[in-house]
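Thanks for coming, everyone. Please look at the model on the screen. I'll start with a pair of helices and then move to a sheet.

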Amino acid sequence: MCGIVGYVGPRPAAAIVLEALYRLEYRGYDSAGLAIVNGTGLTVEKAAGRIGVLHKRLGDDLPAGTTAIAHTRWATHGAPNDVNAHPHADCGGTIALVHNGIIENADVLRKRLAARGHQFRSETDSEVLAHLIEDAYEGSLADAVMAVLPSVEGTYGIAVVAGREPGVLVAARMGSPLLVGVGDGECFVASDAAAVISHTRSVVYLDDGEVAVLRPDSHQIYDQQTVRVEKKIRTIDWEIGAVERGGYAHFMLKEIMEQPVSIRNTVRGRLLEEEGTARLGGLNMPDEALLEVDRVVLIACGTSWHSALIGEYLIEEHARIPCEVEYASEFRYRNPILDEDTLVVGISQSGETADTLAALREARHRGARTIGLVNVVGSSIAREVDGGIYLHAGPEIGVASTKAFTSQVAALAMLTLRMARLRHLSVLKGREIVDAIQRLPAQIERVLASAAAVEAVADRFARTTNALYLGRGYNFPVALEGALKLKEISYIHAEGYPAAEMKHGPIALIDDMMPVIVVAPRDGTYAKVVSNVQEVRARGGRVIAVVTEGDEEITRLADHVFPIPATIDALTPILSVLPLQLFAYYIAVRRGCDVDKPRNLAKSVTVE
Ligand code: G6P
């Protein structure tokens, strides 16, 4: 949600921040802008629309200067137009600022500043910060920023420059991710490592309340009390290729196709075949602590919430521990009952989703033990929880989550194994699960090899206006996820339902215009799903079914089938979701939708 980048060093800054903006575009893409400090002052350029529009406006002759900030926006306050785009400048046009997050007391601050003569141009909450800093400026940008932040309520990741101070870039973080990239004689600030990886792998993750003062040859970090702190420089451990499309038409397709590898990376070194369990060092929980857990609460949003639902089935079936799944946004505003024996698991690809982060904080505050299943290393959730399991799925750029979902389910399966083997699960059953997990990468490859067949079916349904997805047991959440994928990227209205619930309402919608996608591998609920498919057929519905290879019964009833290899019930979602990801992808492409940047969405939602 919104991307920030800044540069200070010896090189022409505009080209650097513009290139970085393209890499951040997946975080927000309704408007973009940059500010450059040159010898005489500040140049600010911004434009509604994609970064390409801004680039075109700038032309080939980029503004000179070696200090710059830039932003790609996902609007929260004020429409996505030129004026509301960032950077925002003060009255005098000498200070420019980019901001992610929401300033909750913006109205109060705006009134106070207006009374002192400040004039506002935009409808954004962010502009207030530029005027606040202007008001406090006495010759040092760093001092002014540190002086005003205590009066700001809300969340922010900001980067600020001043026309009078070339060679200085100030950044601050409160609840919105920000990192400092440390190069050779140059420094960067960015909301995401993808923006800096082509220049440096050395990064410092800022914590809430910290302010970074960057100069070409130094990065100084201050805490909330404005005391200088020494922070560890960390190394980004993935390659630039991970954030490039590498020949694929879209990141989403690339990420779907990467799943044999991403799953392998998620489970690598973690499975203990002999003992039929998993080794999860990052949990920071000895067996005794895991044994004390008498309840598990899984919290997440979006696609991650769907994997949490699968986790609930897994944990209750195999570990026999009561488990609940909550939308993070609901959990944090209820009055949840938690104690030290409750394990609260936050699931998040980005590790930055504001609601999930806040829900985990609330859980910790109430004495529960928290762990995170997170993909982005060093992200806020990863750093705040007591322990966790990194997904190691590699950067996910496509806004619609794919490979992170399957890695989350694999991580949940390993967490379940660990807890189950300490309790009731026999070593033989444990080995069976380990073996099934190990077979997944090859099985995923097999499913993905029939992408062309999915594409052919997608072609026939590209003009549909509604779709219903049905599944039961472990595959009910897959039905939800299949429907979400389709609506996110193709804008077709789609609903996921537990198959048996269909007759309590959605059945009224079924006619020969309505494709019904049934997720029906041969698992414990198969016979029941067959009956549900019959009910759809009886009403003239068109059935597309995800079935186990060799299935004859549903194949006979369905108009189209997507076969998947057989595995244990608990792992079927990792295979059954694949044709649904591809189906949504190909339909969206046929409809001419912008698959990687669907309208109104953002990759990581860092506001409530
Ligand atoms: C946004 C994304 C979804 C994602 C959700 C949760 O809505 O568009 O794809 O599932 O956030 O994100 P997280 O990073 O917490 O998994």
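Helix 7 and helix 13 are roughly parallel to each other, a label for angles under 35 degrees. Keep in mind that this is a predicted model: local features need pLDDT of at least 70, side-chain atom pairs count only at pLDDT 80 or more, and totals for chains, interfaces and linings use all residues. Residues are numbered from 1 along each chain as its sequence is written, and side-chain values use heavy atoms, with hydrogens and water left out.

Helices here are DSSP runs of H or I with at least four residues, strands are E runs of at least two, and both are numbered from the N terminus. Helix 7 covers residues 259-267, and helix 13 covers residues 403-421. They pack at about 30 degrees, axes 9 Å apart. Axes are lines fitted to C-alpha atoms, for helices over the stretch in contact, and angles run from 0 to 180 degrees between N-to-C directions.

Which residues of helix 7 meet helix 13? They are Gln259, Ser262, Ile263, Thr266 and Val267. Contact means heavy atoms within 4.5 Å. On helix 13, the partners include Lys403, Ala410 and Met414.

Five strands form an open sheet, ordered 24-23-25-26-27, with parallel pairing. Two strands pair if DSSP finds at least two bridges between them. The edges are strand 24 (493-498) and strand 27 (560-564). Strand 26 (residues 542-548) is joined to strand 27 by five bridges. Valine 546 has phenylalanine 562 of strand 27 as its bridge partner.

Last, helix 16 (residues 476-490). Helix 16 lies across strands 23, 24 and 25, at about 175 degrees to strand 24.

How values were computed
Angles under 35 degrees count as roughly parallel, over 145 as roughly antiparallel, 65 to 115 as roughly perpendicular and the rest as oblique.
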